[in-house]
Amino acid sequence: MTRIAVDRERCVGSGTCEVLAPDVFEVDDEGALVVHRPEPAGDEVDEVEDAVQACPTRALSLVE
Ligand code: SF4
């Protein structure tokens, strides 16, 4: 099981993760990150791995 960890001190609400994995991440109207699928599965895992790499502040990580 892969689980998404978010360092909220680092997240600046850029929305990069939402662009790469829109079913998993959403930046709400107040700029806060919402993780809809904290334990992604199947094709989502690849998208989430891309989002983790692309996050400009390294706020995302994956925990096995
Ligand atoms: S890409 Fe990183 S900084 Fe941007 S909203 Fe997602 S977690 Fe936050």
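Which residue forms a salt bridge with aspartate 7? Hi everyone, let's find out together. The partner is arginine 10, and the closest N and O atoms of the pair are 3.5 Å apart. By salt bridge I mean a side-chain nitrogen of Lys or Arg within 4 Å of a carboxyl oxygen of Asp or Glu.

Before going on, a word about the model. It is predicted, so local features need pLDDT of at least 70 and side-chain atom pairs count only at pLDDT 80 or more, while totals for chains, interfaces and linings use all residues. Residues are numbered from 1 along each chain as its sequence is written, and side-chain values use heavy atoms, with hydrogens and water left out.

Now, back to our pair. Arginine 10 is partly exposed at 43% relative accessibility, and aspartate 7 is partly exposed too, at 30%. Here, buried means under 20% relative accessible area, exposed means over 50%, and partly exposed is in between, using a 1.4 Å probe and protein chains only.

How many salt bridges does a search of the whole structure find? There are 3. One of them joins the side chains of arginine 3 and glutamate 39, at 3.2 Å from N to O. Arginine 3 sits in strand S1 (residues 3-6) and glutamate 39 in the loop between strand S3 (33-35) and helix H2 (43-54), so this pair ties together parts that are 36 residues apart in sequence. Helices (H or I, at least four residues) and strands (E, at least two) are DSSP runs, numbered from the N terminus.

Another salt bridge links glutamate 44 and arginine 37, at 2.9 Å from N to O. Glutamate 44 is buried, with a relative accessible area of 15%, whereas arginine 37 is partly exposed at 35%.

Next, the surface. Asp43, Asp46, Glu49, Asp50 and Glu64 gather there in a patch of negative charge. A patch takes residues with over 30% relative accessible area and no salt bridge, joining like charges within 9 Å and nonpolar side chains (Val, Leu, Ile, Met, Phe, Trp, Tyr) within 5 Å. Glutamate 64 lies in the segment after strand S4 (60-63) and is exposed, with a relative accessible area of 73%.

Last stop, the cysteines. Cysteine 17 is buried at 10% relative accessibility, and cysteine 55 is buried at 12%. How many disulfides does a search of the whole structure find? The count is 0, where a disulfide is a pair of cysteine sulfur atoms within 2.5 Å.

Technical notes. Areas by Shrake-Rupley, 256 points an atom, 1.4 Å probe, with all protein chains shown as cover. Lys, Arg positive; Asp, Glu negative; His and termini not counted. Charge placed at Lys NZ, Arg CZ, Asp CG, Glu CD.
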